[in-house]
Amino acid sequence: MNGELVGNGNPVLKLDPAEYICPDHHIDLTSQVRDVLDEDERPPLAYPGRHRPGAVARPSPFEVLVTCPGPAGGAQSHQLACTGTWTR
Ligand SMILES: [Zn+2]
């Protein structure tokens, strides 16, 4: 097995499940889920010392709404709730 590429110094976000696919259209929505989680994750400025290096990362449950663009050529986008856990 070849080693896989691991970011460019960015923290690796681990998702469980690792992929989110629209069950109706079989479209991969994983990147949207990651985008939402990335934005949510900004540490509050009021707690600068909160994220301590060396702290054990534990999975946090999440539920995010993403937009599936729908079938190619169509204009029927719809929202989908994705749930799981994430670790970073
Ligand atoms: Zn869909």
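**Core, sheet and surroundings in a predicted model**

The largest nonpolar core consists of 6 residues, Tyr20, Val33, Val64, Cys68, Leu80 and Cys82. Such a core is a set of buried Ala, Val, Leu, Ile, Met, Phe, Trp, Tyr and Cys residues joined through C-beta atoms within 7 Å, and a residue is called buried if 20 or more other C-beta atoms lie within 10 Å of its own, exposed if 12 or fewer, and partly exposed in between, with C-beta atoms placed from the backbone. S2 and S3 are the elements that give two or more residues to this core. The structure is a predicted model, in which local features need pLDDT of at least 70 and side-chain atom pairs count only at pLDDT 80 or more, while totals for chains, interfaces and linings use all residues. Residues are numbered from 1 along each chain as its sequence is written.

Stepping back to the fold, the protein contains 1 helix and 3 strands, arranged along the sequence as β-α-β-β. Helices (H or I, at least four residues) and strands (E, at least two) are DSSP runs, numbered from the N terminus. The 3 strands form an open antiparallel sheet in the order S1-S3-S2; two strands pair if DSSP finds at least two bridges between them. Strands S1 (14-16) and S2 (60-68) are at the edges with a single partner strand each, so one side of each has no neighbour in the sheet. Neighbouring strands are turned against each other by 45 degrees on average, direction ignored, with axes fitted as lines to C-alpha atoms (for helices over the stretch in contact) and angles running from 0 to 180 degrees between N-to-C directions. S1 is joined to S3 (residues 78-87) by 3 bridges, and Asp16 has Thr85 as its bridge partner in S3.

Of the 88 residues, 7% count as buried. Among contacts (C-beta atoms, placed from the backbone, within 7 Å) between residues at least 6 apart in sequence, 58% join residues at least 24 apart. Beyond four places in sequence, the core residue Leu80 touches Cys22, Leu29, Val66 and Cys68.

Val36 is a helix H1 residue and is partly exposed, with 15 C-beta neighbours inside 10 Å. Leaving aside neighbours within four places in sequence, Val36 contacts Val64 and Val66. Val36 and Leu65, 29 residues apart along the chain, have their C-alpha atoms 8.5 Å apart.

Finally, Arg58 sits in the loop between helix H1 (30-40) and S2. Arg58 counts as exposed because 7 other C-beta atoms lie within 10 Å. From Arg58 to Trp86, 28 residues away in sequence, the C-alpha to C-alpha distance is 8.2 Å.

How values were computed
Contact = placed C-beta atoms within 7 Å.
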